[in-house]
Amino acid sequence: MIRWFKQYFAISRNSFVHSLGDPFFLTLILVLLVSLALFASLPSFTFGGHLRLVRDQSLALIFAGGCIASSLGAVRILVEDIRRGAASVLLSRPVGAIGFILGKWTGLVSAVMVVHFTAVIAMLWVTRFMPSEHDILDTVTISFYVASIILAIAMMAVKHYLFGGCYVWQANVALLCCFLTTFLIANFIAPTGSGQSFGENVDWITAQGGFLLACGIIIFISTIIPLTILFDVPVFLIFCSSLFFLGLLGEYIITTGTSHVVTHNIAAIAIPNWQFFWISDRLAENIGIGWGYWMFCIIHTILWTFLSLSIAVLIFNKREVTD
């Protein structure tokens with residue numbers, strides 16, 4: 001058992017570093033951070049609904065970015081490994097299919113969550129760019145926002161120049177840590193530059209939408225894991241795109257396409273539904289969600305993940321036998 005856990009953590013760490021070390025992940029994080037700041041900074045005719053517009057745009061961009069990162073990360077650590085025979089070499093050692101699939105899934109989820117939670121922190125940050133009692137941008141907060149990006153990139157560049165190592169994945173992790181630290185410090189500083197109580201002008205309830213979207217991204221990752229074993233890169237990416245759009249229409253398909261109670265329940269379990277994790281309307285009313293909904297989402301995510309990974313292990317074992 002101890003040997004299995006060592007193998008599992010080794011595969012997880014390797015998958016995390018390998019996927020997060022893709023330059024695309026660093027580019028994606030920077031694009032998300034710049035885009036989120038741009039959404040909050042641009043003037044708009046929203047008649048008092050600027051916060052809701054920024055929140056909706058940010059949540060949509062974060063979820064789309066998480067799904068893109070998941071798809072390309074799965075290509076890098078699973079599809080290419082299986083097609084090149086690296087998976088077979090790994091399994092020639094005493095490594096089982098369960099440890100292999102679970103380790104790859106854990107590494108990919110961890111890498112995507114670095115991107116996701118960096119963007120969620122940025123989303124919380126931009127909610128105070130234009131406080132309701134001001135008509136101008138909060139330049140102090142924007143300065144901290146931009147400085148944290150530059151600081152993280154510069155620190156890792158100096159570290160890479162002096163000590164070497166892999167720059168990309170360490171820069172991604174540094175962005176998350178630096179963003180979180182600077183965000184906490186900036187919450188003690190008012191738009192005028194003076195001190196304030198922690199967290200004023202930050203729409204903290206928006207964080208609930210970000211955490212729920214993390215559950216949706218985990219379901220997306222779990223669903224595409226079996227597809228990585230079956231298909232090559234072009235077909236796999238087509239299926240990922242189809243899964244993303246199917247999830248957007250999942251609520252409509254479930255509610256209008258099924259009338260019988262049993263059929264409705266089966267469809268709710270079999271069809272991914274991203275609208276289930278989209279609570280923007282509730283956030284607009286500042287009511288959030290209760291613990292019951294949280295527990296239901298978490299249990300739903302765990303069960304869906306368990307089922308998807310079980311299917312992936314069965315397909316992988318059969319593929320190894322037939323190949």
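Guide: What follows goes through the salt bridges one by one, and then turns to a helix and to the cysteines. This is a predicted model, in which local features need pLDDT of at least 70 and side-chain atom pairs count only at pLDDT 80 or more, while totals for chains, interfaces and linings use all residues. Residues are numbered from 1 along each chain as its sequence is written, and side-chain values use heavy atoms, with hydrogens and water left out.

Side chains of opposite charge can pair when their charged atoms come close. The structure holds three salt bridges, a salt bridge being a side-chain nitrogen of Lys or Arg within 4 Å of a carboxyl oxygen of Asp or Glu. Helices, in what follows, are DSSP runs of H or I with at least four residues, numbered from the N terminus.

One of the bridges joins Asp 22 to Arg 76, at 3.8 Å from N to O. Because Asp 22 lies in the loop between helix 1 (2–20) and helix 2 (23–41) and Arg 76 in helix 3 (residues 50–84), this pair ties together parts that are 54 residues apart in sequence. Asp 22 is buried, with a relative accessible area of 16%, whereas Arg 76, at 25%, counts as partly exposed; here buried means under 20% relative accessible area, exposed over 50%, and partly exposed in between, with a 1.4 Å probe and protein chains only.

Another salt bridge, 2.9 Å from N to O, is formed by the side chains of Asp 203 and Arg 55. Asp 203 sits in the loop between helix 7 (167–186) and helix 8 (206–230) and Arg 55 in helix 3, so parts that are 148 residues apart in sequence are tied together. Both Asp 203 and Arg 55 are buried.

Asp 81 and Lys 104 also meet in a salt bridge, at 2.9 Å from N to O. This pair links distant parts of the chain, with Asp 81 in helix 3 and Lys 104 in helix 5, 23 residues apart. Asp 81 is buried at 10% relative accessible area, and Lys 104 is buried at 5%.

Helix 5, which covers residues 97–126, has 26 of its 30 residues buried, so it is largely enclosed by the rest of the structure.

As for the cysteines, the count comes to zero disulfides, a disulfide being a pair of cysteine sulfur atoms within 2.5 Å. For Cys 178, the nearest cysteine sulfur, that of Cys 177, is 8.6 Å away.

Technical notes: Helices (H or I, at least four residues) and strands (E, at least two) are DSSP runs, numbered from the N terminus.
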